[in-house]
Amino acid sequence: MSDHAQHSQPEGTAPRGSLAPHLAERLLFRGIYGLVLASAMVAALDVPGEEADPGQDALWVLLTALASGAAHGYAHVIAQRAAGDASAAPGRLRAVLAEWPLPAAVLPTVLLLLGAVAEWWTEDTAVEVALLFNTVGLFGAGVLAARTAGLGRLSSFRAGAVDMLIGLLVIAADALIE
């Protein structure tokens with residue numbers, strides 16, 4: 001397959017024979033994006049002094065992830081169209097649907113908030129646990145991405161620690177803003 005043909009593939013598809021590395025890359029990219037998005041959203045929606053509404057917050061986190069995933073997929077479609085890539089037409093819907101890991105990554109946060117709706121815990125507890133869960137998830141995704149790239153254990157743990165810093169920055173910002 002020519003170099004141009006490989007680069008003109010919709011992001012949701014890959015040339016045959018190279019699906020595994022590209023699939024791992026796409027899943028990790030969208031998953032990491034979803035974890036950061038969930039953390040930022042749950043931190044922003046947890047406003048001190050306002051009446052807690054974890055059900056509405058869960059809905060906003062989920063809707064934002066769905067809208068972000070759809071927008072990202074559609075942006076790929078528009079970019080292909082602008083590049084004059086008519087061969088990508090059948091893959092347009094797949095490019096949008098390939099964004100599923102982004103909304104999937106916010107589901108633990110949504111479930112934690114729904115647990116607060118069921119009064120299993122408070123919304124504050126749900127937010128704290130979600131921020132911690134997402135930060136640990138960022139570490140794991142960073143390690144997995146580095147291992148997938150063939151890095152050793154120590155380098156992979158360093159990469160995971162750097163990714164985890166994003167989650168820690170969201171936690172720090174949440175604490176400072178409150």
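Student: Where is Leu93?
Tutor: Leu93 sits in helix α4, residues 92-97. Helices are DSSP runs of H or I, at least four residues, and are numbered from the N terminus. This is a predicted model: local features need pLDDT of at least 70, side-chain atom pairs count only at pLDDT 80 or more, and totals for chains, interfaces and linings use all residues. Residues are numbered from 1 along each chain as its sequence is written, and side-chain values use heavy atoms, leaving out hydrogens and water.
Student: Why does Leu93 count as exposed?
Tutor: Because its relative accessibility is 57%. Exposed means over 50% relative accessible area, buried under 20%, partly exposed in between (1.4 Å probe, protein chains only).
Student: How far apart are Leu93 and Val77?
Tutor: They are 8.5 Å apart in space, C-alpha to C-alpha, and 16 residues apart in sequence.
Student: New topic. How many residues has the largest nonpolar core?
Tutor: That core has 19 residues. Such a core is a set of buried Ala, Val, Leu, Ile, Met, Phe, Trp, Tyr and Cys residues joined through side-chain atoms within 4.5 Å. Val106 and Leu113 are among those with the most contacts inside it.
Student: Which helix gives the largest share?
Tutor: α5 does, with six residues.
Student: What does Val106 touch?
Tutor: Leaving out residues up to four places away in sequence, Val106 touches Gly34, Ala38, Val61, Leu62 and Ala65. Contact means heavy atoms within 4.5 Å.
Student: What follows α6?
Tutor: Gly150 follows α6, and its phi is positive, near 90°.

Definitions and conventions
Helices (H or I, at least four residues) and strands (E, at least two) are DSSP runs, numbered from the N terminus.
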